[in-house]
Amino acid sequence: MENIREVLKGLMSKHQLDTKFQDLMTPVYEDADVLSFCEAHKNELSADGVARSASKLYEYVQERDKYKRNEPTLMPGYQPILIVNNHMIEVSYRPSKKLLASEKQQAFNMRVKAVNMPKMIKKARFDDFFPDQDRQSALTAALNFTQAYESEPHQFHKGLYLTGSFGVGKTYLLGAIANELAAQGFESTLVHFPSFAVEMKNAIGENNLAEKLTLVKKAPILMLDDVGADSMSSWVRDEVLGVILEYRMQNELPTFFSSNFSMAQLETEHLQINQRGESEPLKAKRLMERIKFLATEVTMVGVNRRQN
Ligand code: ADP
Ligand code: MG
């Protein structure tokens with residue numbers, strides 16, 4: 001094909017009688033992107049091919065303009081581009097950067113499964129974690145875990161048992177660990193344990209209890225948040241917490257905990273006393289052995305960072 005402008009002009013004169021067609025196509029054939037595309041591909045195109053591509057060129061200009069104006073398009077999230085196929089011009093739709101970014105974000109979000117967790121964990125990042133002296137050891141332990149896990153995901157890595165008073169950032173740090181793992185393609189499940197315990201109790205007699213429990217106990221990486229925050233019935237202790245811990249220990253699955261209690265306090269003040277006020281030290285010891293197998297205790301101290 002020789003002169004693009006001549007060819008396009010010729011096309012217009014052929015349709016001279018059809019003014020509606022002219023009105024529609026004049027801006028298309030004068031469009032800078034269309035002209036430069038035809039110019040760049042003139043060796044692959046014939047005058048006839050361009051003529052028969054009129055509707056495609058029209059579609060391209062329409063959709064491109066809508067795309068630029070952020071208006072709804074035929075293929076939302078996709079950017080129209082012109083291509084040559086078999087000497088004809090066609091419109092192809094290529095995913096926009098925004099779409100790719102949102103798909104990436106979605107995949108990322110899917111990797112952090114949060115059950116009854118506060119929304120703020122979504123934003124938790126190591127980079128924003130205040131590394132003051134009191135929290136440095138917890139941050140270092142968290143970074144050591146993620147590095148070790150990311151380099152050898154099939155090996156057993158001990159999780160962390162974060163303990164410290166209300167508001168020091170235990171939940172935040174769990175969120176930051178989960179988000180770092182998600183960025184590297186690993187899935188973790190964060191569960192607010194007291195709410196989960198209530199859900200399990202309410203599910204007694206329903207047939208989805210086992211299913212819900214299985215999802216949690218088999219999670220590739222599990223974080224049990226706020227263990228010990230509410231008093232636990234023997235049933236929750238043995239049939240929920242006990243079952244989860246047993247499975248994770250047997251299968252060497254990374255498990256994290258956060259608690260206002262230290263490990264020693266959890267054993268004597270929480271796990272040992274049943275709801276009738278009786279002491280069950282052996283049961284508590286067995287559970288603590290499992291927790292200690294799964295996680296290393298790290299104490300977080302510092303100011304309460306809660307604003308409310
Ligand atoms: P804990 O679980 O120990 O009770 P949280 O993790 O809930 O404490 O943290 C308390 C509050 O402080 C939350 O609102 C959280 O968003 C905020 N927070 C904690 N650590 C940080 C941090 N490093 N950077 C910004 N906000 C933080
Ligand atoms: Mg918390």
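This briefing describes the overall form of one protein chain and the surroundings of two of its residues.

The structure is a predicted model, in which local features need pLDDT of at least 70 and side-chain atom pairs count only at pLDDT 80 or more, while totals for chains, interfaces and linings use all residues. Residues are numbered from 1 along each chain as its sequence is written, chains are lettered from A and ligands numbered from 1 in the order in which they are written, and side-chain values use heavy atoms, leaving out hydrogens and water. The chain is divided into domain 1 (4-95) and domain 2 (102-307), with bounds that come from an automatic or database domain assignment.

**Overall form**

- The C-alpha centres of domain 1 and domain 2 are 58 Å apart.
- The chain contains 13 helices and 8 strands, counted as DSSP runs numbered from the N terminus (helices: H or I, at least four residues; strands: E, at least two).
- The chain is more spread out than a compact globule, because its radius of gyration of 31 Å is well over the 19 Å that the globule rule gives for 308 residues. This radius is taken over C-alpha atoms, and the rule is 2.2 Å times the number of residues to the power 0.38.
- The C-alpha trace spans about 100 × 50 × 40 Å along its principal axes.

**Burial, contacts and surface**

- Of the 308 residues, 42% count as buried (under 20% relative accessible area; exposed is over 50% and partly exposed in between, with a 1.4 Å probe and protein chains only).
- Among contacts (heavy atoms within 4.5 Å) between residues at least 6 apart in sequence, 75% join residues at least 24 apart.
- The chain exposes about 17,000 Å², of which carbon and sulfur atoms supply 51%; these areas come from the Shrake-Rupley method with a 1.4 Å probe, and for residues only the protein chains shown count as cover.

**Asparagine 274**

- Asparagine 274 lies in the loop that runs between helix H12 (263-271) and helix H13 (281-294).
- With a relative accessible area of 4%, asparagine 274 is buried.
- Not counting residues up to four places away in sequence, asparagine 274 touches Ser234 and Glu280.

**Arginine 125**

- Arginine 125 is placed in the loop between strand E3 (112-115) and helix H7 (133-151).
- Arginine 125 counts as partly exposed, at 31% relative accessibility.
- Phe108, Tyr172, Ala176 and Asn179 are touched by arginine 125, not counting residues up to four places away in sequence.
- A separation of 17 Å lies between the C-alpha atoms of arginine 125 and glycine 167, which are 42 residues apart along the chain.
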